[in-house]
Amino acid sequence: MAKKPSQRLEDVLMGRVPLENEDESIQSWASFFIHQGAEAVLRKPTKEARQESLKKLPAKIRPHVEERALTLWNRSRGR
């Protein structure tokens, strides 16, 4: 039986399935939550707190949140 899209999204966000293994619709849906995660990381007051927050993420989703956070960080600095 095929999984529901919501279960597939949860599998990606929980790190059970690599984002790259999902189709574009799930990747697009996940990008919203990746963006929210990146914003939450950037709201941490110190670099150490941001790093700790990133360490708590599942390994398969962490690089995507880090990449988005870096993009947002650079954009806020005019880079």
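## Close-up views of the chain

**View 1. Arg62 sits in helix H4.** This is a predicted model: local features need pLDDT of at least 70, side-chain atom pairs count only at pLDDT 80 or more, and totals for chains, interfaces and linings use all residues. Numbering starts from 1 along each chain as its sequence is written, and side-chain values use heavy atoms, with hydrogens and water left out. Helices here are DSSP runs (H or I, at least four residues), as are strands (E, at least two), and both are numbered from the N terminus. With a relative accessible area of 23%, Arg62 is partly exposed; buried means under 20%, exposed means over 50%, and partly exposed is in between (1.4 Å probe, protein chains only). Arg62 and Ile34 are 28 residues apart in sequence, with 9.0 Å between their C-alpha atoms. Glu67 is in helix H4 too, but at 56% relative accessibility this residue counts as exposed. From Glu67 to Ile34 the C-alpha separation is 9.5 Å, across 33 residues of chain.

**View 2. The whole chain reads α-α-α-α along the sequence.** That's four helices and zero strands. The C-alpha trace spans about 45 × 25 × 15 Å along its principal axes. Of the 79 residues, 24% are buried. Arg77 is partly exposed, at 44% relative accessibility.

**View 3. Trp29, Phe32 and Phe33 make a nonpolar patch on the surface.** To join a patch, a residue needs over 30% relative accessible area and no salt bridge; nonpolar side chains (Val, Leu, Ile, Met, Phe, Trp, Tyr) are joined within 5 Å, and like charges within 9 Å. Trp29 belongs to helix H2, residues 24-42. Its relative accessible area is 37%, which makes Trp29 partly exposed.

**View 4. The largest pocket holds a volume of about 200 Å³.** H2, helix H3 (47-55) and helix H4 (62-76) are the elements that give two or more residues to its lining. The lining is made up of Val41, Leu42, Lys47, Arg50, Gln51, Leu54, Glu66, Ala69, Leu70 and Trp73. By type, that's six nonpolar, one polar and three charged (in this sorting, Ala, Val, Leu, Ile, Met, Phe, Trp, Tyr, Cys and Pro are nonpolar, Asp, Glu, Lys and Arg are charged, and the others, Gly among them, are polar). Rolling a probe the size of a water molecule over the atoms shows where empty space is left. On a 1 Å grid over the protein atoms alone, a pocket is an open set of points with protein on both sides within 12 Å along at least five of seven lines, whereas a cavity is a set where a 1.4 Å probe fits but cannot get out; lining residues have an atom within 4 Å of a point. Grid points are joined across faces, edges and corners, and the volume is the space filled by probe spheres set on them.

**View 5. Glu22 and Arg8 meet in a salt bridge, 2.5 Å from N to O.** Glu22 lies in the loop between helix H1 (5-13) and H2, and Arg8 in helix H1, so this pair ties together parts that are 14 residues apart in sequence. Glu22 is buried, at 13% relative accessibility, while Arg8 is partly exposed at 22%. The structure holds six salt bridges, each a side-chain nitrogen of Lys or Arg within 4 Å of a carboxyl oxygen of Asp or Glu. Side chains of opposite charge can pair when their charged atoms come close.

**View 6. Lys3, Glu10, Asp11 and Arg16 are linked in a salt-bridge network.** One of the pairs is Glu10 with Arg16, whose closest N and O atoms are 3.0 Å apart. Glu10 is partly exposed at 38% relative accessibility, as is Arg16 at 43%.

**View 7. In a salt bridge between Lys55 and Glu52, the N to O distance is 3.5 Å.** These two are three residues apart in helix H3, so about one helical turn separates them. Lys55 is exposed, with a relative accessible area of 56%, whereas Glu52 is partly exposed at 42%.

How values were computed: Areas by Shrake-Rupley, 256 points an atom, 1.4 Å probe, with all protein chains shown as cover.
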